[in-house]
Protein chains: 2
Amino acid sequence: MDVKSPRGAYAKGRAKRREILDHAIALFGDVGYRAASLREIATRSGISHPGLLHHFPTKEALLLAVLAHRDEVDGELFTGSTGTDALRRLVDLVRLNAGRRAIVELFTVLSAEATAPDHPAHRFFVDRYRRTVAGVERAYALAGEAGALRPEVDPPAAARHLVALMDGLQIQWLLENCRTDMVPVVRAHIKAQLKAPL
Amino acid sequence: MDVKSPRGAYAKGRAKRREILDHAIALFGDVGYRAASLREIATRSGISHPGLLHHFPTKEALLLAVLAHRDEVDGELFTGSTGTDALRRLVDLVRLNAGRRAIVELFTVLSAEATAPDHPAHRFFVDRYRRTVAGVERAYALAGEAGALRPEVDPPAAARHLVALMDGLQIQWLLENCRTDMVPVVRAHIKAQLKAPL
DNA sequence: CCTACCGATCGGTAGG
DNA sequence: CCTACCGATCGGTAGG
């Protein structure tokens with residue numbers, strides 16, 4: 001018995017779950033959900049594929065667990081910032097993403113795959129984009145009310161524009177094998193919309 | 001013998017090839033290249049799957065034929081326009097794309113899938129983006145030389161920005177089931193970069 | 001263009 | 001957590 005972890009068996013199960021999630025993120029990002037195999041994820045995680053199905057009962061459950069896990073981690077990033085400050089935080093998010101190719105790949109590949117209405121992650125991404133665009137729109141609206149926005153900026157259009165810009169830059173960044181910098185493009189865009197320097 | 005088509009056999013072969021290409025575009029767009037099956041494309045085209053392989057020897061050959069076919073059709077759109085005029089034409093392209101969901105789906109899904117270096121279309125999309133961004137950059141540069149651009153517009157960054165914007169809007173448009181209009185967002189963006197009205 | 005087949009691989013289950 | 005298996009499906013080939 002390990003004194004430092006009296007619930008060693010549970011801790012081990014949680015660690016294995018986490019290991020499976022990490023390898024699932026990597027493979028879903030590389031080849032997409034449909035083309036990824038449970039056997040490959042299981043082998044990378046050091047277990048058999050029925051072993052994997054003990055932790056996640058179906059392939060779809062694994063996908064949804066991956067998405068929920070990512071939402072949980074990234075959701076913490078933007079709690080408490082509003083208006084102009086939230087727009088500034090988005091530049092930080094772009095910088096952060098430049099350091100985690102696997103996550104960027106995952107969302108780029110899955111969001112495209114999930115445009116198909118029968119894809120198991122379709123609802124997730126429809127809801128996610130609705131929430132994201134609405135959140136960015138609110139940030140623009142608040143910045144506008146505070147008098148920080150140039151008058152020609154229209155919050156609804158600006159929100160869709162900014163989210164699209166970030167997504168599109170990620171495709172280019174991945175195809176260029178991360179050799180370019182997404183940050184200045186986003187930074188210059190937001191800067192041009194604000195009255196005060198960013 | 002049909003007098004109006006003395007090479008009826010050849011014409012029929014070409015029509016079947018074209019039919020296969022159309023169904024391949026639709027299925028590759030719906031589920032991606034890896035998850036699409038030759039049997040499904042063949043069935044939709046009214047032949048057996050070895051029959052399909054008579055026209056296209058491998059799955060990869062079919063993919064490359066689809067991409068070459070699209071490049072051939074769309075390449076004609078921009079011959080002869082330069083500078084500000086080419087930027088205006090890009091707005092027309094967005095409007096055109098809003099009328100062909102299948103094509104938009106195809107390129108959105110495949111470009112994301114092909115960010116993986118070992119994807120059979122990887123080279124195609126790397127080259128395609130290089131060419132596209134370079135072409136748009138040249139349009140901005142020419143517009144700048146003609147004095148049509150606002151001074152803060154930087155052609156290299158503006159080119160990556162505009163291409164990213166178009167790609168990102170397509171993802172949102174597909175997830176929203178084509179219920180929104182991409183044109184005003186792109187139009188307003190380019191308009192804000194030009195001195196003269198669009 | 002077809003039928004019939006190949007070996008490989010898939011998600012999931014049985015039974016322990 | 002395992003081995004062993006299920007039926008289904010894959011891309012491609014043989015042979016006509």
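This is a predicted model: local features need pLDDT of at least 70, side-chain atom pairs count only at pLDDT 80 or more; totals for chains, interfaces and linings use all residues.
**Exercise 1. Where does the protein meet DNA strand C?**
Work out how many residues surround DNA strand C, and which are closest.

*Solution.* Start by collecting every residue with a heavy atom within 4 Å of the strand. That gives 17 residues around DNA strand C, and the closest are R39(A), H49(A), K59(A), K16(B) and S48(B). Next, sort this surface by residue type: six are nonpolar, seven polar and four charged.

**Exercise 2. Who touches the phosphates?**

*Solution.* Take chain A to begin with. At A36(A), a backbone N or O atom sits 3.1 Å from a phosphate oxygen. S37(A) uses an N or O atom of its side chain instead, at 3.0 Å. Over in chain B, a polar side-chain atom of H55(B) is 3.3 Å from a phosphate oxygen. Now look at the elements giving two or more residues to this surface: α2 (38–44) and α3 (49–55) of chain A, plus α3 (49–55) of chain B.

**Exercise 3. Is helix α6(B) enclosed or open?**
Decide from the burial of its residues.

*Solution.* Check the geometry: residues 101–113 of chain B make 13 residues reaching 18 Å, close to the 18 Å expected. Now count burial, taking under 20% relative accessible area as buried. Eleven of the 13 residues pass, so α6(B) is largely enclosed by the rest of the structure. Among them are I103(B), L106(B), F107(B) and L110(B), but also E105(B) and E113(B).

Note on methods
Residues are numbered from 1 along each chain as its sequence is written. Chains are lettered from A and ligands numbered from 1 in the order in which they are written. Side-chain values use heavy atoms; hydrogens and water are left out. Helices (H or I, at least four residues) and strands (E, at least two) are DSSP runs, numbered from the N terminus. The expected span of a helix is 1.5 Å times one less than its number of residues. Buried means under 20% relative accessible area, exposed over 50%, partly exposed in between (1.4 Å probe, protein chains only). A polar contact is a pair of N or O atoms within 3.5 Å; within protein, one must be able to donate a hydrogen and the other to accept it, and residues adjacent in sequence count only if both atoms are side-chain atoms. Ala, Val, Leu, Ile, Met, Phe, Trp, Tyr, Cys and Pro count as nonpolar, Asp, Glu, Lys and Arg as charged, and the others, Gly among them, as polar.
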